[in-house]
Amino acid sequence: MGRLFGTDGVRGIANSELTCEMAMNIGRAAAMVLTDGNHRHPKILIGKDTRLSSDMLESALTAGLCSVGANVVQLGVIPTPAVAFLVGKYKADAGVMLTASHNPCEFNGIKIFSGDGYKLPDALEEQIEAIVLDHAQKPDCPVGGNVGSVSRAENAARDYIDHIKSTVPFSLDGMRIGIDCANGAASRTAERLFTELGAECHMLADRPDGVNVNEKCGSTHMESLMSFVKENRLDAGVAFDGDADRCLAVDDKGQLVDGDFLMAICAADLKSRGKLGKNTAVGTIMTNMGFNRFCDDNGIKFAATKVGDRYVLEEMLLEGYNFGGEQSGHIIFLDFATTGDGEMTAAQLLSIVHRRGAKLSSLATLMTRYPQIIVNVEVSAEGKLRFYTDDKVKDAIEKAKQKLGGSGRVVVRPSGTEPLLRVMIEGEDPEYISVLANSVADTVRDRLA
């Protein structure tokens with residue numbers, strides 16, 4: 001991770017760690033780096049989620065961009081993947097999204113997309129960091145008629161909805177679905193999208209008030225949707241996070257269908273239609289072992305990357321694959337999108353269910369999930385760095401691996417977005433792996449907290 005950028009942009013507590021001054025300086029630096037002086041007035045889009053702090057940071061970011069001559073087009077509240085799509089549609093030089101994704105309302109963040117709709121590579125993030133933190137390059141601040149302008153894209157949500165609809169060749173007529181918008185950006189688009197696709201929509205957490213984003217709702221809190229789908233005998237439910245770049249689902253029995261199951265269902269369907277690029281699905285080191293077995297059983301190759309949808313995407317672009325994702329619900333359909341898109345994932349999934357005339361609970365049996373325990377341990381910033389060199393932590397991890405042998409695996413890694421180390425152990429016996437995971441977590445806590 002960089003000094004400002006984590007695995008998914010800049011993130012911190014708004015007005016404390018992520019200040020207006022920082023947002024303004026990042027805006028200036030991003031315009032300098034991404035346009036490289038090629039345009040006198042580069043066009044840069046700004047979208048935001050529903051957090052109260054998003055308006056404040058949007059103003060600061062807009063000021064920074066305009067101060068170096070960039071013309072800002074404000075998209076309003078809109079999902080992150082919409083920004084990535086609209087950069088291309090509106091022929092913009094870059095796009096910026098203000099969001100902290102699945103984090104509570106006090107957090108906010110800045111995600112930046114280049115003119116091709118992809119998240120920035122490490123090299124460009126490092127250039128921005130050098131300008132903001134080291135003053136490596138002084139911004140050229142124009143005056144008079146050369147400062148940037150601000151406009152509003154009134155049809156942004158409509159254009160994004162139409163794009164998602166264009167990727168679904170079969171309607172959802174007759175389907176009854178629950179939709180949890182996490183009181184986030186999907187509140188502006190999801191009901192229209194799925195109603196226009198033909199579904200009967202039952203909405204949850206679609207009344208954002210600036211502070212209730214992700215609060216006991218959305219893809220990180222699936223309990224309400226699971227109960228709602230079961231009690232109302234719906235065909236399925238889908239849940240998004242604050243910026244709607246991830247999706248998890250609930251089947252007709254009220255059972256969770258996580259990202260690994262979603263990938264199995266979609267990969268099998270793509271393969272059956274001859275549309276799975278190089279017959280390969282891309283996941284991460286945290287992808288459940290059951291997905292590996294699913295791939296083996298169905299003649300699909302599996303490629304694993306570091307955790308983070310940016311690394312999944314990098315592998316896809318490097319090797320020419322078109323499908324990949326994470327257990328958390330970041331699923332990338334590269335034929336249609338340049339980043340993970342929760343609403344697109346939901347639309348593709350529900351289309352498969354409807355087209356096959358099958359129940360989601362039946363399709364989910366394609367994969368058998370291995371028991372997996374994840375223990376999150378709060379650590380200091382220094383602890384995150386010491387993780388790579390602490391001998392006692394290394395020894396605890398190695399002993400856990402030896403005890404599991406070939407019947408499971410151990411993955412311990414720092415979170416890219418939170419002050420946590422994640423201890424994940426997977427195996428056949430849930431009680432045994434729970435003991436092992438907590439033993440490793442105790443050592444991490446003692447040494448690195």
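Modeller: Here is a short chat about some labels in this predicted model.

Colleague: Why is Lys 216 called exposed?

Modeller: Exposed takes over 50% relative accessible area. Lys 216 comes out at 67% relative accessibility, so it counts as exposed. You'll find Lys 216 in the loop between strand 9 (200-204) and helix 7 (223-231).

Colleague: And why does Asn 279 count as partly exposed?

Modeller: Buried means under 20%, exposed means over 50%, and partly exposed is in between. Asn 279 has 25% relative accessibility, so partly exposed is the label for it. Asn 279 sits in the loop between helix 8 (259-272) and strand 13 (280-284).

Colleague: What makes the phi of Asn 279 worth a mention?

Modeller: Most residues other than glycine have a negative phi. Asn 279 isn't a glycine, yet its phi is positive, about 55°. Lys 216 isn't a glycine either, and its phi is also positive, at about 55°.

Colleague: How do you know that strand 17 and strand 19 pair?

Modeller: Pairing needs at least two bridges between the strands. Strand 17 and strand 19 (residues 420-426) have seven bridges, in the antiparallel sense, so they pair. One example is Ile 373, whose bridge partner in strand 19 is Ile 425.

Colleague: Why do strand 17 and strand 18 count as edges?

Modeller: The open sheet of three strands has the order 17-19-18. Strand 17 (372-378) and strand 18 (409-414) each have a single partner strand, so one side of each has no neighbour in the sheet.

Notes:
Residues are numbered from 1 along each chain as its sequence is written. This is a predicted model: local features need pLDDT of at least 70, side-chain atom pairs count only at pLDDT 80 or more; totals for chains, interfaces and linings use all residues. Side-chain values use heavy atoms; hydrogens and water are left out. Helices (H or I, at least four residues) and strands (E, at least two) are DSSP runs, numbered from the N terminus. Buried means under 20% relative accessible area, exposed over 50%, partly exposed in between (1.4 Å probe, protein chains only).
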